[in-house]
Amino acid sequence: MRITFCQGVLALSIVINLLILYYVSRLQQRMLHRHRDPVQPSSRLLPVPQRPGVTIIIREFEDFENYVPDVVQSFLKQKPEQPVMVAADTLPYPPLVLPDAPNVQVVILKPAPDQPAHVSRPEMYVKTEYVALVPDGVKVDSTRQLDRMLEEFKANQGRVQMVAAPVQSLAPLQCLNLKVSLRKWTAEYSVAPSTRLCAALKGDAVILLRTRDLFNLSTPLAKPLLTSLFIQTSLRGWMVRILDVSFSSAHQPLLSSSHNQWKAENRAKASRLQLFRDFGIKRVLLEDGKQQWFGCSKETPRCFGTVHDDTPEYLYQNRWTPPCCLQALRETAKYVINILETSGVRYWLEGGTLLGAARHQDIIPWDYDVDLGIYLEDIPNCDLLRNVESGSIVDEKGFVWEKAIEGDFYRVQYSEHNHLHVDLWPFYPKNGLMTKDTWMDHRQDVEFPEHFLKPLLPLPFAGFTALAPNNYRSFLELKFGAGVIENPEYPNPARKKLDMGK
């Protein structure tokens with residue numbers, strides 16, 4: 001069979017097209033495989049090989065007014081190959097006008113549904129051994145600034161995990177101590193005795209640390225950046241040293257109008273609120289002695305839900321009662337006791353509340369309500385208790401008085417929204433014993449001799465003085481067992497045991 005010239009050309013074209021299709025298909029498979037390769041998690045190593053050097057990370061800036069392009073150009077002017085990463089939650093608008101260079105990247109931290117996971121992971125873009133966190137408005141005057149920071153870091157290796165170069169501004173950089181207790185939901189700042197070795201900083205600074213250290217934090221680039229950074233590093237015992245190196249600020253102030261300043265302040269407050277919610281910080285003690293609260297109030301629900309098996313949910317998180325809840329319980333207890341005293345209702349600290357007074361002179365740090373015993377025969381003396389028989393009452397201070405649905409006792413809630421409460425248990429004497437009509441499935445819920453109440457004695461409790469049974473140690477050991485004051489435990493050890501070491 002003879003093949004014509006045209007048939008030969010056609011056959012050759014088919015073969016060439018098949019080869020082209022084959023190689024295009026292989027190339028597509030390789031690219032798809034590269035995007036889908038899973039990144040193996042590691043507690044120590046990053047997925048990107050690291051080389052000597054420093055990557056600049058610019059994270060804290062306002063999209064509506066910033067000097068990020070100037071900051072980037074400032075670094076590139078000193079060192080054109082300097083790696084720079086601008087990290088933002090969403091694509092900045094108006095767009096940032098940045099140099100079109102492979103060593104300058106914008107990383108969007110919010111995952112996109114049409115992109116692979118690694119696209120929004122900033123650690124995938126950093127290829128240097130160190131990173132420098134740089135605030136907006138910084139100007140670089142010399143290549144020696146970063147070099148000196150790196151030299152100082154290496155010289156202090158093993159003693160500090162970060163070094164800081166102040167940014168010259170109207171407010172000098174302040175060195176602080178920071179103690180964070182997740183168990184107590186609290187962050188406490190104080191002025192550090194040293195002006196160089198700090199747990200946290202207040203003010204603008206360039207922070208240098210190892211790349212692997214930064215990205216092994218749980219939320220390495222959360223905002224506000226330095227607040228987030230130092231809360232996480234203080235929990236790890238890391239320290240930062242303030243250096244003699246400093247950077248100048250090309251723009252003071254950063255924001256040109258009062259309107260933009262107002263917008264930035266509102267954003268900062270919202271970021272701070274969200275950060276403390278995410279970290280479970282509900283009380284912040286500032287270095288000037290002021291307090292900030294980020295928990296519940298009269299206008300919001302309490303911080304935890306319905307309690308099951310006498311074990312609130314926060315105990316399973318290895319935390320104790322949120323400080324805002326403890327403060328609300330103290331306020332409610334003081335208010336209720338004042339009403340009882342002025343009304344002529346005899347009362348006493350009961351159960352775990354008395355145990356807290358004996359052990360802590362306060363509410364037990366993991367307790368979630370307050371219990372008071374009252375004489376049943378004195379209830380008519382108090383208008384609020386007498387009138388709740390026909391329905392709950394919201395008094396002039398916003399406290400809610402009601403008959404409990406669980407049994408024959410009374411409950412005073414912090415507010416209509418916040419159901420932190422004081423329970424009032426009516427007792428009456430019978431054959432020398434104090435008894436009542438409603439019993440709960442608690443080991444301490446037992447009858448007791450009336451002589452413990454004759455007389456009632458004052459006892460410091462929650463910042464004021466309350467009345468308690470005489471010989472309260474014997475009273476508590478009758479209810480809870482011997483040595484109960486010296487041997488704390490959670491209310492239901494079968495569900496959760498107390499570990500004071502955590």
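Strands are DSSP runs of at least two residues, numbered from the N terminus. In the predicted model, W185 is found in the loop that runs between β7 (174–181) and β8 (186–191). The phi angle of W185 is near 60°, a positive value in a residue other than glycine. Most residues other than glycine have a negative phi.

The domain assignment of the protein chain gives domain 1 as residues 51–255 and domain 2 as residues 316–480. Five residues of domain 1 and seven residues of domain 2 take part in the contact. The centres of domain 1 and domain 2, taken over C-alpha atoms, are separated by 51 Å. Between them, domain 1 and domain 2 bury about 630 Å², and 60% of this area is on carbon and sulfur atoms. On the side of domain 1, L182, R183 and W185 supply 86% of the area buried against domain 2, more than any other three residues.

Three residue pairs are in polar contact across the interface of domain 1 and domain 2, with both residues at pLDDT 80 or more. The side of domain 1 that touches domain 2 comprises two nonpolar residues, one polar residue and two charged residues.

Two annotated spans were compared with the model. In UniProt, an unreviewed entry carries the annotation "domain: FKRP stem" over residues 50–286. Secondary structure over residues 50–286 amounts to 26% helix and 27% strand, and the end C-alpha atoms of this span are 38 Å apart. The feature "domain: LicD/FKTN/FKRP nucleotidyltransferase", likewise from UniProt (unreviewed entry), is placed at residues 343–378. Residues 343–378 are 31% helix and 25% strand, with the end C-alpha atoms lying 9 Å apart.

Cis peptide bonds were also noted in the backbone. P94 lies in the loop between β2 (84–88) and β3 (104–108). Another cis peptide bond, also with omega of about 5°, joins K454 and P455. The loop that holds P455 is the one between β23 (448–449) and β24 (456–461). Most peptide bonds are trans.

Note on methods: Residues numbered from 1 in each chain as written. Predicted model: local features only at pLDDT ≥ 70, side-chain atom pairs only at ≥ 80, totals over all residues. Heavy atoms only, no water. Domains from an automatic or database assignment. Contact = heavy atoms within 4.5 Å. Buried area = accessible area lost by both parts, 1.4 Å probe. Polar contact = N/O pair within 3.5 Å; in protein donor to acceptor, adjacent residues only side chain to side chain. Nonpolar A, V, L, I, M, F, W, Y, C, P; charged D, E, K, R; others polar. UniProt positions renumbered as here; feature names shortened; annotations may be inferred. Helix = DSSP H or I, 4+ residues; strand = E, 2+ residues; numbered from the N terminus.
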